[in-house]
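Reader: I have a model open and would like to go through some of its local geometry. Let us take it one question at a time.

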Amino acid sequence: MVKFIVVRHGHSLSNKEGTYTGQLDIGLSDEGLAQADALAEYLSSKYTIDFVYASDLCRAFDTADKLAKKINKKVIIEKDFKEMYCGAWQGLTAEQAQKLYPEDFLDWQTNELDGRCTDGEWMSEVKARALNALLKLAKAHDGKTVVIVTHGCVIRNLQSEWLGITYKELKSLPWVTNASVTVVDYDNGLWDVKETGYDGFLGNMRTAMPKVI
């Protein structure tokens, strides 16, 4: 069995601006840095962690690095855990995307089978690459506890696999918050979700995804 501790990165500068970040390499805000410190304290006190992985985008790496330094580990980069590529919407607010690409925006909001931003990556493509990377880690790290610091859309796609639900059903689930912790055990092809989006350790530092996204 492998225990995966899947973390969404801390609050970023683009989260602060309310824009679609996608694969733009945007750093953590002051709030995000404080969240990363709290996350490192929480995880290091609760778990014995064997490996720390992160997306190659700095908001995820820097969140992971706070933890890694605290437990004397190094962050291992896994590019397949990077955020969805949001195409023409990267750097835009939801209001701007809706104005410039009204048909695509409506489809993004209502599509029950799959979805993407204009010229971006399909949700199903994000799921395929992230799940493939996760299964490789499960094979390589049997019996270990592995932290993965990634992104909101990646976690959302993986949730559909862990819970065995469709994209239509996925729409009813809230997005996980910044620096939140989702714990999933994997054993012999079976997923067991122990905790989803826990952020109680952040106290008044909690930050969430805008509902319109």
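Reader: Which residue's backbone oxygen lies 2.6 Å from a polar atom of the side chain of Thr-150?

Author: This is a predicted model. Thr-150 lies in strand E4, and its contacts beyond four places in sequence include Val-6, Ala-60 and Phe-81. The backbone oxygen at 2.6 Å from a polar atom of the Thr-150 side chain belongs to Phe-81.

Reader: Is Thr-150 buried or exposed?

Author: Buried means under 20% relative accessible area. Thr-150 has a relative accessible area of 0%, so Thr-150 is buried.

Reader: How many residues of H7 are buried?

Author: Helix H7 covers residues 152–163 and has twelve residues. Among the buried ones are Ile-155, Arg-156 and Trp-162. Ile-155 is also one of the residues that Thr-150 touches. What covers the buried part of H7 includes strand E1, helix H6 and strand E4, and the number of buried residues is ten.

Reader: What separates the C-alpha atoms of Gly-32 and Ser-12?

Author: Gly-32 lies in helix H2, residues 30–46, and counts as buried because its relative accessibility is 0%. Away from its sequence neighbours, Gly-32 touches Gly-10 and His-11. Ser-12 is 20 residues from Gly-32 along the chain, and the C-alpha separation is 5.9 Å.

Notes: Residues are numbered from 1 along each chain as its sequence is written. This is a predicted model: local features need pLDDT of at least 70, side-chain atom pairs count only at pLDDT 80 or more; totals for chains, interfaces and linings use all residues. Side-chain values use heavy atoms; hydrogens and water are left out. Helices (H or I, at least four residues) and strands (E, at least two) are DSSP runs, numbered from the N terminus. Buried means under 20% relative accessible area, exposed over 50%, partly exposed in between (1.4 Å probe, protein chains only). Contact means heavy atoms within 4.5 Å. The expected span of a helix is 1.5 Å times one less than its number of residues. A polar contact is a pair of N or O atoms within 3.5 Å; within protein, one must be able to donate a hydrogen and the other to accept it, and residues adjacent in sequence count only if both atoms are side-chain atoms.
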